[in-house]
Amino acid sequence: MLPLIRREAGERFAYSHTQQITTAQFCADVMSVAESLPDQRYLINLCHNRYTFITTFFAALVRGQTNLLPSNRDLVSNRAHAAQFPSLSIVADDEVEGIDHVIRLDAGQNGNQPTPGCDAEHMAAIAFTSGSTGQPQRHPKSFAMLDTWRQIHARYLKLAVDDERLAIVATVPCWHMYGLEWAMLLPTVASAQIFCGADFFPKDVVQAINASTNKVILVSTPLHLKALSKTQAPSHPVATIISATAPLDEPLMRQIETHLDSQVFEIYGCSEIGSLAYRFPAQKPAWTFFDCFDLQFDDGEMTVNHTLLDEPVKLADHFERAGESSYQLKGRTTDIVKVGGKRESLARLNSILNQIPGVEDGVIYDPVSYQQAATGRLAALVVAPELDRHAIRTALSAQVDTAFIPRPIRLVDALPRSATSKLQQRELTALINQQRSTDD
(Lines give C-alpha, C1' and ligand atoms only; values in the text may rest on other atoms or scores of the structure.)
Protein backbone atom coordinates (compact mmCIF):
# COMPACT_ATOMS: atom_id res chain seq x y z
CA MET A 1 0.00 0.00 0.00
CA LEU A 2 1.15 3.51 -0.84
CA PRO A 3 -0.03 6.58 1.12
CA LEU A 4 -2.55 8.78 -0.67
CA ILE A 5 -0.76 11.85 0.63
CA ARG A 6 2.86 12.20 1.73
CA ARG A 7 2.46 15.15 4.09
CA GLU A 8 2.51 15.62 7.87
CA ALA A 9 -0.91 15.63 9.54
CA GLY A 10 -0.71 19.23 10.74
CA GLU A 11 0.59 20.73 7.49
CA ARG A 12 -1.75 23.04 5.59
CA PHE A 13 -2.92 21.29 2.45
CA ALA A 14 -5.57 23.59 0.95
CA TYR A 15 -6.89 27.10 1.43
CA SER A 16 -9.49 29.55 0.19
CA HIS A 17 -10.27 33.16 1.04
CA THR A 18 -12.01 32.00 4.23
CA GLN A 19 -10.55 28.64 5.19
CA GLN A 20 -7.35 26.66 5.88
CA ILE A 21 -7.43 22.84 5.66
CA THR A 22 -4.73 20.58 7.07
CA THR A 23 -3.59 17.21 5.75
CA ALA A 24 -5.45 15.39 8.54
CA GLN A 25 -8.67 17.27 7.78
CA PHE A 26 -8.30 16.51 4.09
CA CYS A 27 -7.91 12.79 4.87
CA ALA A 28 -11.07 12.91 7.00
CA ASP A 29 -12.95 14.57 4.13
CA VAL A 30 -11.70 11.85 1.76
CA MET A 31 -12.99 9.10 4.04
CA SER A 32 -16.34 10.87 4.46
CA VAL A 33 -16.87 11.19 0.71
CA ALA A 34 -15.67 7.60 0.14
CA GLU A 35 -18.49 6.30 2.34
CA SER A 36 -21.08 8.09 0.19
CA LEU A 37 -19.90 7.11 -3.29
CA PRO A 38 -22.05 4.78 -5.41
CA ASP A 39 -20.78 1.20 -5.45
CA GLN A 40 -19.43 1.12 -9.01
CA ARG A 41 -16.08 0.26 -10.55
CA TYR A 42 -15.59 3.49 -12.52
CA LEU A 43 -16.25 7.12 -11.61
CA ILE A 44 -16.54 10.29 -13.68
CA ASN A 45 -15.99 13.28 -11.42
CA LEU A 46 -17.75 16.45 -12.64
CA CYS A 47 -17.25 18.47 -9.46
CA HIS A 48 -16.62 22.15 -10.17
CA ASN A 49 -15.08 23.08 -6.83
CA ARG A 50 -11.38 22.24 -6.93
CA TYR A 51 -11.21 20.95 -3.36
CA THR A 52 -14.31 18.78 -3.80
CA PHE A 53 -12.87 17.37 -7.04
CA ILE A 54 -9.56 16.50 -5.36
CA THR A 55 -11.30 14.95 -2.35
CA THR A 56 -13.61 12.89 -4.56
CA PHE A 57 -10.70 11.70 -6.75
CA PHE A 58 -8.91 10.26 -3.71
CA ALA A 59 -12.14 8.98 -2.18
CA ALA A 60 -12.63 6.86 -5.30
CA LEU A 61 -9.21 5.31 -4.70
CA VAL A 62 -10.15 4.46 -1.11
CA ARG A 63 -13.18 2.64 -2.52
CA GLY A 64 -11.04 0.78 -5.08
CA GLN A 65 -12.59 2.68 -7.99
CA THR A 66 -10.97 4.07 -11.14
CA ASN A 67 -11.31 7.75 -12.05
CA LEU A 68 -12.18 8.36 -15.70
CA LEU A 69 -10.81 11.71 -16.91
CA PRO A 70 -12.52 12.57 -20.22
CA SER A 71 -11.63 15.92 -21.77
CA ASN A 72 -15.26 16.70 -22.55
CA ARG A 73 -17.17 17.65 -19.43
CA ASP A 74 -20.78 17.73 -20.66
CA LEU A 75 -23.11 15.09 -19.28
CA VAL A 76 -24.36 13.79 -22.63
CA SER A 77 -20.82 13.02 -23.83
CA ASN A 78 -19.91 11.35 -20.58
CA ARG A 79 -23.01 9.16 -20.62
CA ALA A 80 -21.58 7.70 -23.83
CA HIS A 81 -18.80 6.14 -21.74
CA ALA A 82 -21.37 3.85 -20.11
CA ALA A 83 -21.22 1.53 -23.12
CA GLN A 84 -17.47 1.02 -22.66
CA PHE A 85 -17.51 1.16 -18.85
CA PRO A 86 -20.80 -0.44 -17.79
CA SER A 87 -20.09 -0.23 -14.05
CA LEU A 88 -19.95 3.56 -14.09
CA SER A 89 -21.28 6.38 -11.93
CA ILE A 90 -21.17 10.11 -12.65
CA VAL A 91 -20.96 12.44 -9.67
CA ALA A 92 -21.01 16.23 -9.26
CA ASP A 93 -21.16 18.79 -6.49
CA ASP A 94 -24.42 20.39 -7.59
CA GLU A 95 -27.89 19.21 -8.53
CA VAL A 96 -27.84 18.39 -12.26
CA GLU A 97 -30.36 16.20 -14.03
CA GLY A 98 -28.79 12.88 -14.96
CA ILE A 99 -26.12 12.87 -12.25
CA ASP A 100 -25.95 9.60 -10.30
CA HIS A 101 -24.82 11.16 -7.03
CA VAL A 102 -24.28 14.64 -5.61
CA ILE A 103 -21.17 15.13 -3.46
CA ARG A 104 -22.13 17.06 -0.35
CA LEU A 105 -18.95 18.08 1.42
CA ASP A 106 -18.63 20.36 4.40
CA ALA A 107 -14.92 20.89 3.81
CA GLY A 108 -12.68 20.58 6.84
CA GLN A 109 -15.57 19.73 9.19
CA ASN A 110 -15.10 15.95 9.33
CA GLY A 111 -12.42 16.05 12.01
CA ASN A 112 -9.01 14.46 11.54
CA GLN A 113 -7.98 11.15 10.03
CA PRO A 114 -4.74 9.20 9.55
CA THR A 115 -3.53 8.99 5.96
CA PRO A 116 -5.33 6.26 4.01
CA GLY A 117 -3.53 4.19 1.41
CA CYS A 118 -4.00 2.73 -2.05
CA ASP A 119 -2.57 -0.42 -3.62
CA ALA A 120 0.34 0.44 -5.90
CA GLU A 121 -1.03 -1.64 -8.80
CA HIS A 122 -4.54 -0.19 -8.57
CA MET A 123 -5.69 1.52 -11.77
CA ALA A 124 -6.13 4.98 -10.27
CA ALA A 125 -7.19 6.82 -13.41
CA ILE A 126 -7.74 6.59 -17.14
CA ALA A 127 -6.89 9.83 -18.93
CA PHE A 128 -8.29 10.61 -22.36
CA THR A 129 -6.68 12.74 -25.04
CA SER A 130 -8.49 15.89 -26.12
CA GLY A 131 -9.45 14.50 -29.51
CA SER A 132 -8.16 17.67 -31.17
CA THR A 133 -6.54 15.58 -33.92
CA GLY A 134 -8.92 12.60 -33.96
CA GLN A 135 -10.84 10.31 -31.62
CA PRO A 136 -9.89 10.58 -27.91
CA GLN A 137 -7.49 7.86 -26.84
CA ARG A 138 -7.43 6.33 -23.36
CA HIS A 139 -4.29 6.11 -21.22
CA PRO A 140 -4.44 4.13 -17.94
CA LYS A 141 -2.49 5.35 -14.88
CA SER A 142 -1.67 3.06 -11.97
CA PHE A 143 -1.33 4.62 -8.53
CA ALA A 144 2.33 3.54 -8.51
CA MET A 145 2.84 5.68 -11.62
CA LEU A 146 1.04 8.71 -10.15
CA ASP A 147 2.93 8.34 -6.89
CA THR A 148 6.30 8.11 -8.65
CA TRP A 149 5.56 10.99 -11.02
CA ARG A 150 4.43 13.37 -8.22
CA GLN A 151 7.66 12.80 -6.29
CA ILE A 152 9.70 13.46 -9.43
CA HIS A 153 7.82 16.71 -10.06
CA ALA A 154 8.36 17.87 -6.49
CA ARG A 155 12.08 17.25 -6.94
CA TYR A 156 12.27 19.24 -10.17
CA LEU A 157 10.14 22.05 -8.77
CA LYS A 158 13.04 22.84 -6.45
CA LEU A 159 15.00 23.97 -9.51
CA ALA A 160 12.49 26.80 -9.83
CA VAL A 161 11.68 27.58 -6.19
CA ASP A 162 12.99 26.04 -3.00
CA ASP A 163 11.03 27.08 0.04
CA GLU A 164 9.39 25.26 2.94
CA ARG A 165 6.11 27.13 2.52
CA LEU A 166 4.49 27.44 -0.89
CA ALA A 167 1.06 28.13 -2.29
CA ILE A 168 -0.24 26.83 -5.63
CA VAL A 169 -2.71 28.92 -7.61
CA ALA A 170 -3.89 27.11 -10.73
CA THR A 171 -5.98 28.14 -13.71
CA VAL A 172 -5.99 24.61 -15.15
CA PRO A 173 -8.54 21.95 -14.16
CA CYS A 174 -7.48 18.86 -12.21
CA TRP A 175 -9.06 16.48 -14.72
CA HIS A 176 -6.52 17.43 -17.40
CA MET A 177 -3.22 15.50 -17.14
CA TYR A 178 -1.22 18.70 -16.63
CA GLY A 179 -3.61 19.93 -13.95
CA LEU A 180 -3.79 16.49 -12.35
CA GLU A 181 -0.02 16.41 -11.91
CA TRP A 182 0.77 20.01 -10.98
CA ALA A 183 -2.43 21.26 -9.34
CA MET A 184 -3.62 18.13 -7.52
CA LEU A 185 -0.86 15.53 -7.06
CA LEU A 186 1.99 17.98 -6.44
CA PRO A 187 0.54 19.41 -3.20
CA THR A 188 0.12 15.87 -1.87
CA VAL A 189 3.92 15.54 -1.67
CA ALA A 190 5.34 19.09 -1.73
CA SER A 191 5.02 21.56 1.15
CA ALA A 192 2.47 23.59 -0.76
CA GLN A 193 -1.13 24.64 -0.21
CA ILE A 194 -3.48 24.47 -3.18
CA PHE A 195 -5.91 27.38 -3.56
CA CYS A 196 -9.47 26.08 -3.87
CA GLY A 197 -11.54 29.20 -4.43
CA ALA A 198 -13.90 30.16 -7.22
CA ASP A 199 -13.37 29.44 -10.93
CA PHE A 200 -10.91 31.84 -12.41
CA PHE A 201 -11.25 35.02 -14.38
CA PRO A 202 -8.04 37.07 -14.45
CA LYS A 203 -9.21 39.16 -11.49
CA ASP A 204 -9.91 35.96 -9.52
CA VAL A 205 -6.34 34.80 -10.15
CA VAL A 206 -4.98 38.10 -8.84
CA GLN A 207 -7.18 37.88 -5.73
CA ALA A 208 -6.09 34.27 -5.10
CA ILE A 209 -2.43 35.23 -5.36
CA ASN A 210 -2.97 38.15 -2.98
CA ALA A 211 -4.80 35.85 -0.51
CA SER A 212 -1.66 33.80 0.15
CA THR A 213 0.97 34.50 2.78
CA ASN A 214 3.37 32.00 1.17
CA LYS A 215 5.44 32.13 -1.99
CA VAL A 216 3.06 31.52 -4.89
CA ILE A 217 3.47 29.08 -7.77
CA LEU A 218 1.10 29.96 -10.63
CA VAL A 219 0.14 26.88 -12.70
CA SER A 220 -1.30 28.13 -15.97
CA THR A 221 -1.38 28.02 -19.79
CA PRO A 222 -0.29 30.46 -22.51
CA LEU A 223 -3.89 31.52 -23.19
CA HIS A 224 -4.58 32.22 -19.52
CA LEU A 225 -1.24 34.03 -19.13
CA LYS A 226 -2.06 36.26 -22.09
CA ALA A 227 -5.31 37.32 -20.41
CA LEU A 228 -3.57 37.78 -17.07
CA SER A 229 -0.89 40.01 -18.62
CA LYS A 230 -3.61 42.56 -19.41
CA THR A 231 -4.86 42.88 -15.82
CA GLN A 232 -3.45 44.76 -12.87
CA ALA A 233 -0.54 42.83 -11.39
CA PRO A 234 -1.04 41.24 -7.94
CA SER A 235 0.58 42.92 -4.96
CA HIS A 236 1.79 39.57 -3.59
CA PRO A 237 4.87 38.15 -5.36
CA VAL A 238 4.73 35.16 -7.69
CA ALA A 239 7.85 33.04 -7.23
CA THR A 240 7.40 30.87 -10.33
CA ILE A 241 5.02 30.63 -13.27
CA ILE A 242 4.55 27.05 -14.49
CA SER A 243 3.23 26.91 -18.05
CA ALA A 244 2.24 23.97 -20.25
CA THR A 245 -0.23 22.63 -22.87
CA ALA A 246 1.42 24.65 -25.68
CA PRO A 247 4.80 26.32 -26.27
CA LEU A 248 4.94 29.81 -24.80
CA ASP A 249 5.87 32.48 -27.34
CA GLU A 250 8.93 34.47 -26.35
CA PRO A 251 7.18 37.91 -26.45
CA LEU A 252 4.43 36.67 -24.12
CA MET A 253 6.98 34.94 -21.90
CA ARG A 254 8.93 38.18 -21.52
CA GLN A 255 5.73 40.15 -20.96
CA ILE A 256 4.33 37.89 -18.24
CA GLU A 257 7.68 37.60 -16.44
CA THR A 258 7.89 41.39 -16.31
CA HIS A 259 4.22 41.81 -15.38
CA LEU A 260 4.42 39.38 -12.45
CA ASP A 261 8.09 40.04 -11.65
CA SER A 262 8.64 36.29 -11.84
CA GLN A 263 10.19 33.52 -13.94
CA VAL A 264 8.59 30.96 -16.25
CA PHE A 265 9.23 27.26 -15.62
CA GLU A 266 7.84 25.55 -18.70
CA ILE A 267 6.73 21.91 -18.83
CA TYR A 268 6.53 19.60 -21.84
CA GLY A 269 4.42 16.47 -21.66
CA CYS A 270 1.92 14.17 -23.34
CA SER A 271 -1.25 12.35 -22.30
CA GLU A 272 0.36 8.93 -22.74
CA ILE A 273 2.87 9.60 -19.97
CA GLY A 274 2.46 13.02 -18.39
CA SER A 275 5.16 15.64 -17.77
CA LEU A 276 8.45 14.72 -19.42
CA ALA A 277 10.77 17.72 -19.71
CA TYR A 278 11.31 21.29 -18.55
CA ARG A 279 13.03 24.52 -19.48
CA PHE A 280 13.53 28.06 -18.25
CA PRO A 281 12.85 29.78 -21.61
CA ALA A 282 14.26 33.16 -20.58
CA GLN A 283 17.61 31.47 -19.97
CA LYS A 284 17.66 28.67 -22.54
CA PRO A 285 15.18 27.66 -25.27
CA ALA A 286 16.16 23.98 -25.22
CA TRP A 287 14.35 21.31 -23.21
CA THR A 288 15.85 18.93 -20.65
CA PHE A 289 14.06 15.63 -20.05
CA PHE A 290 13.52 14.38 -16.51
CA ASP A 291 16.33 12.00 -15.60
CA CYS A 292 13.95 9.19 -14.65
CA PHE A 293 13.18 8.38 -18.30
CA ASP A 294 15.15 6.28 -20.74
CA LEU A 295 15.40 8.17 -24.04
CA GLN A 296 16.04 6.91 -27.54
CA PHE A 297 16.69 9.70 -30.04
CA ASP A 298 16.89 8.87 -33.73
CA ASP A 299 16.67 11.27 -36.68
CA GLY A 300 14.47 13.78 -34.85
CA GLU A 301 12.18 11.20 -33.26
CA MET A 302 12.13 10.68 -29.50
CA THR A 303 11.02 7.45 -27.83
CA VAL A 304 10.52 7.44 -24.06
CA ASN A 305 10.54 4.46 -21.71
CA HIS A 306 10.22 3.83 -17.98
CA THR A 307 9.77 0.70 -15.88
CA LEU A 308 6.21 1.82 -15.04
CA LEU A 309 5.19 2.12 -18.69
CA ASP A 310 3.77 -0.94 -20.43
CA GLU A 311 5.78 -0.15 -23.55
CA PRO A 312 7.99 2.61 -24.97
CA VAL A 313 6.13 5.71 -26.19
CA LYS A 314 7.14 7.48 -29.40
CA LEU A 315 6.44 11.21 -29.00
CA ALA A 316 4.40 13.05 -31.60
CA ASP A 317 6.89 15.93 -31.77
CA HIS A 318 10.16 16.28 -33.63
CA PHE A 319 13.30 17.32 -31.74
CA GLU A 320 16.79 18.49 -32.56
CA ARG A 321 19.75 17.82 -30.28
CA ALA A 322 20.95 21.05 -28.64
CA GLY A 323 23.66 19.68 -26.37
CA GLU A 324 24.63 16.59 -24.48
CA SER A 325 21.31 16.36 -22.62
CA SER A 326 19.07 19.05 -24.12
CA TYR A 327 16.81 19.23 -27.17
CA GLN A 328 15.12 21.88 -29.28
CA LEU A 329 11.43 21.27 -29.88
CA LYS A 330 10.82 21.52 -33.64
CA GLY A 331 7.08 20.90 -33.60
CA ARG A 332 4.61 18.13 -34.23
CA THR A 333 5.14 15.61 -36.97
CA THR A 334 1.78 16.87 -38.35
CA ASP A 335 2.78 20.52 -37.91
CA ILE A 336 4.44 20.99 -41.31
CA VAL A 337 2.04 21.92 -44.11
CA LYS A 338 2.73 22.02 -47.84
CA VAL A 339 1.13 24.62 -50.10
CA GLY A 340 2.24 25.19 -53.71
CA GLY A 341 5.30 23.03 -53.23
CA LYS A 342 6.44 25.07 -50.22
CA ARG A 343 6.68 24.01 -46.57
CA GLU A 344 5.79 25.94 -43.42
CA SER A 345 5.21 25.30 -39.72
CA LEU A 346 1.69 25.85 -38.41
CA ALA A 347 3.16 26.63 -35.00
CA ARG A 348 5.18 29.50 -36.49
CA LEU A 349 2.19 30.81 -38.43
CA ASN A 350 0.03 30.78 -35.32
CA SER A 351 2.72 32.54 -33.32
CA ILE A 352 2.85 35.33 -35.93
CA LEU A 353 -0.95 35.60 -36.06
CA ASN A 354 -1.36 35.88 -32.30
CA GLN A 355 1.34 38.55 -32.02
CA ILE A 356 -0.48 40.93 -34.40
CA PRO A 357 -1.63 43.97 -32.38
CA GLY A 358 -5.39 43.75 -31.96
CA VAL A 359 -5.59 39.96 -32.26
CA GLU A 360 -6.92 38.58 -28.98
CA ASP A 361 -6.92 34.94 -30.09
CA GLY A 362 -6.65 33.06 -33.33
CA VAL A 363 -5.82 29.80 -35.06
CA ILE A 364 -4.49 29.00 -38.53
CA TYR A 365 -5.00 25.40 -39.60
CA ASP A 366 -5.16 23.08 -42.56
CA PRO A 367 -8.80 22.30 -43.48
CA VAL A 368 -7.74 19.01 -45.09
CA SER A 369 -6.49 17.82 -41.70
CA TYR A 370 -9.91 18.58 -40.27
CA GLN A 371 -11.79 16.60 -42.93
CA GLN A 372 -13.19 19.66 -44.64
CA ALA A 373 -13.27 20.30 -48.36
CA ALA A 374 -9.75 20.56 -49.75
CA THR A 375 -9.19 24.13 -50.97
CA GLY A 376 -5.43 23.99 -51.34
CA ARG A 377 -5.13 26.81 -48.81
CA LEU A 378 -5.03 27.27 -45.05
CA ALA A 379 -7.93 28.69 -43.05
CA ALA A 380 -8.07 30.93 -39.99
CA LEU A 381 -10.47 31.81 -37.21
CA VAL A 382 -9.58 35.07 -35.47
CA VAL A 383 -10.86 37.04 -32.48
CA ALA A 384 -9.98 40.68 -33.24
CA PRO A 385 -12.80 43.13 -32.45
CA GLU A 386 -10.92 46.18 -33.79
CA LEU A 387 -9.56 44.61 -37.00
CA ASP A 388 -11.00 43.46 -40.32
CA ARG A 389 -9.85 40.61 -42.56
CA HIS A 390 -7.86 42.93 -44.81
CA ALA A 391 -5.84 44.30 -41.88
CA ILE A 392 -5.06 40.78 -40.68
CA ARG A 393 -3.96 39.65 -44.15
CA THR A 394 -1.78 42.74 -44.54
CA ALA A 395 -0.09 42.12 -41.18
CA LEU A 396 0.51 38.45 -42.03
CA SER A 397 1.87 39.32 -45.48
CA ALA A 398 4.72 41.29 -43.89
CA GLN A 399 6.10 38.07 -42.37
CA VAL A 400 4.51 35.14 -44.23
CA ASP A 401 4.88 33.83 -47.77
CA THR A 402 1.77 34.53 -49.85
CA ALA A 403 1.14 30.79 -50.26
CA PHE A 404 0.47 30.49 -46.52
CA ILE A 405 -1.83 33.49 -46.07
CA PRO A 406 -5.08 31.84 -44.91
CA ARG A 407 -8.19 32.09 -47.03
CA PRO A 408 -10.74 32.11 -45.63
CA ILE A 409 -10.17 34.24 -42.56
CA ARG A 410 -13.26 34.25 -40.36
CA LEU A 411 -13.73 36.83 -37.62
CA VAL A 412 -15.46 35.30 -34.58
CA ASP A 413 -16.38 36.42 -31.08
CA ALA A 414 -14.45 33.57 -29.44
CA LEU A 415 -12.70 30.33 -30.27
CA PRO A 416 -14.25 27.13 -28.85
CA ARG A 417 -11.29 26.40 -26.56
CA SER A 418 -11.50 23.90 -23.74
CA ALA A 419 -10.47 24.72 -20.18
CA THR A 420 -6.90 23.84 -21.17
CA SER A 421 -6.93 25.90 -24.39
CA LYS A 422 -7.38 22.91 -26.72
CA LEU A 423 -9.43 23.18 -29.93
CA GLN A 424 -11.62 20.33 -31.15
CA GLN A 425 -11.59 19.66 -34.89
CA ARG A 426 -15.37 19.20 -35.11
CA GLU A 427 -15.96 22.53 -33.39
CA LEU A 428 -13.57 24.37 -35.71
CA THR A 429 -15.36 22.84 -38.68
CA ALA A 430 -18.77 23.91 -37.39
CA LEU A 431 -17.60 27.42 -36.55
CA ILE A 432 -15.92 28.15 -39.87
CA ASN A 433 -18.93 26.81 -41.77
CA GLN A 434 -21.22 29.11 -39.78
CA GLN A 435 -19.06 32.11 -40.65
CA ARG A 436 -19.02 31.78 -44.43
CA SER A 437 -18.59 35.13 -46.20
CA THR A 438 -18.71 36.07 -49.88
CA ASP A 439 -15.48 38.10 -49.74
CA ASP A 440 -13.44 34.88 -49.19
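1. Start with helix α1, residues 23–36, in this predicted model. Helix α1 lies across β2 (12–15) and β3. Its direction is at about 80° to β3.

2. Both of those strands belong to an open sheet of nine strands. The order is β3-β2-β12-β11-β13-β14-β15-β16-β17, and the pairing is mixed. β3 (20–22) and β17 are the edge strands, since each pairs on one side only.

3. Next, the pairing of β14 and β15. Strand β14 covers residues 238–243 and pairs with β15 in the parallel sense. Three bridges link the two. Ser-243 stands opposite Glu-266 in β15.

4. How do β15 and β16 pair, parallel or antiparallel? They are antiparallel, over five bridges, with β15 spanning residues 264–270. The two strands form a hairpin, and three residues sit between them. Within this pairing, Tyr-268 has Ala-277 in β16 as its bridge partner.

5. On to strand β17, residues 288–289, which runs antiparallel to β16. Two bridges join them. Here Tyr-278 stands opposite Thr-288 in β17. β17 is an edge strand of the sheet.

6. Why is β16 described as largely enclosed by the rest of the structure? Strand β16 covers residues 274–279, and six of its six residues are buried, so the rest of the structure largely encloses it. Buried here means under 20% relative accessible area. In the sheet order, β16 stands between β15 and β17.

7. Finally, a helix pair. Helix α2 (residues 50–62) packs with helix α5 (residues 177–185) at an angle of about 100°. Their axes are 11 Å apart. The two helices are therefore roughly perpendicular to each other; angles of 65 to 115 degrees count as such.

8. Which residues meet where α2 and α5 pack? From α2 come Arg-50, Phe-53, Ile-54, Phe-57 and Phe-58. From α5 come Leu-180, Ala-183, Met-184 and Leu-185. By class, this contact has eight nonpolar residues, no polar ones and one charged residue.

Definitions and conventions:
Residues numbered from 1 in each chain as written. Predicted model: local features only at pLDDT ≥ 70, side-chain atom pairs only at ≥ 80, totals over all residues. Heavy atoms only, no water. Buried < 20%, exposed > 50% of the residue type's maximum accessible area, 1.4 Å probe, protein only. Helix = DSSP H or I, 4+ residues; strand = E, 2+ residues; numbered from the N terminus. Pairing = 2+ DSSP bridges. Axes fitted to C-alpha atoms, helices over the stretch in contact; angles between N-to-C directions. Parallel < 35°, antiparallel > 145°, perpendicular 65-115°, else oblique. Contact = heavy atoms within 4.5 Å. Nonpolar A, V, L, I, M, F, W, Y, C, P; charged D, E, K, R; others polar.
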